[in-house]
Amino acid sequence: LTTVFEKFDLLEINPIGEKLDPNKHQAISMAPSDEEANTVIQVMQKGYELSGRVIRPAMVIVSAGK
């Protein structure tokens, strides 16, 4: 399956530790954390990109800040 993903340029979006990007991520909740506000702290569902275009955004929980 991984070989097929690579062949067709299908990439997994797994954004732990990244800033929230509404083009690639769908924030479903905010949680208290030591991380900076709007940083992805948990991925509930991985997202996928096909040839640089998002076909399913990652569903994430973001930090509410300190």
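In which strand is the place of Leu50? In this predicted model, Leu50 sits in strand 4, which covers residues 47-50. Four bridges join strand 1 and strand 4 in the antiparallel sense. Through this pairing, Leu10 has Leu50 as its bridge partner in strand 4.

Leu50 also contributes to the surface. Together with Leu1, Val4, Phe8 and Ile55, Leu50 forms a nonpolar patch there. The accessible area of the patch is about 520 Å². Leu50 itself counts as partly exposed because its relative accessibility is 35%, a value between the 20% and 50% limits for that class.

A second open sheet also has three strands, in the order 2-6-3. Its pairing is mixed. Strand 2 (25-31) and strand 3 (40-45) are the edge strands, and each pairs on one side only. Neighbouring strands of this sheet are turned by 30° against each other on average, direction ignored. Strand 2 pairs with strand 6 (residues 58-63) in the parallel sense, over six bridges. Within strand 6, Met59 is the bridge partner of Gln26.

The largest nonpolar core holds six residues: Ile13, Val40, Val43, Ala58, Val60 and Val62. Strand 3 and strand 6 each supply at least two residues of this core. Strand 6 gives the largest share, with three residues.

The salt bridges come to three. In one, Lys46 meets Glu12, with the closest N and O atoms 3.5 Å apart. Lys46 lies in the loop between strand 3 and strand 4, and Glu12 lies in strand 1, so the pair ties together parts that are 34 residues apart in sequence. Both residues count as partly exposed, Lys46 at 36% relative accessibility and Glu12 at 43%.

Another salt bridge joins Glu36 to Lys19, and here the closest N and O atoms are 3.2 Å apart. This pair links distant parts of the chain, 17 residues apart. Glu36 is in the loop between strand 2 and strand 3, while Lys19 is in the loop between strand 1 and strand 2. Glu36 is exposed, with a relative accessible area of 55%. Lys19 is partly exposed, at 43%.

Lys24 and Glu49 also meet in a salt bridge through their side chains (3.2 Å, N to O). Lys24 is in the loop between strand 1 and strand 2, and Glu49 is in strand 4, 25 residues away. Is Glu49 buried or exposed? Glu49 counts as buried because its relative accessibility is 11%, and the cut-off for burial is under 20%.

Most residues other than glycine have a negative phi. Asn38 is not a glycine, yet its phi is positive, about 65°. Asn38 is found in the loop between strand 2 and strand 3 and is partly exposed, with a relative accessible area of 37%. Ser51, also not a glycine, has a positive phi of about 55°. The loop between strand 4 and strand 5 (53-56) contains Ser51.

Conventions:
Residues numbered from 1 in each chain as written. Predicted model: local features only at pLDDT ≥ 70, side-chain atom pairs only at ≥ 80, totals over all residues. Heavy atoms only, no water. Patch = residues over 30% accessible without salt bridge, like charges linked within 9 Å, V, L, I, M, F, W, Y side chains within 5 Å. Areas by Shrake-Rupley, 256 points an atom, 1.4 Å probe, with all protein chains shown as cover. Salt bridge = Lys/Arg side-chain N within 4 Å of Asp/Glu carboxyl O. Buried < 20%, exposed > 50% of the residue type's maximum accessible area, 1.4 Å probe, protein only. Pairing = 2+ DSSP bridges. Axes fitted to C-alpha atoms, helices over the stretch in contact; angles between N-to-C directions. Core = buried A, V, L, I, M, F, W, Y, C linked by side-chain atoms within 4.5 Å.
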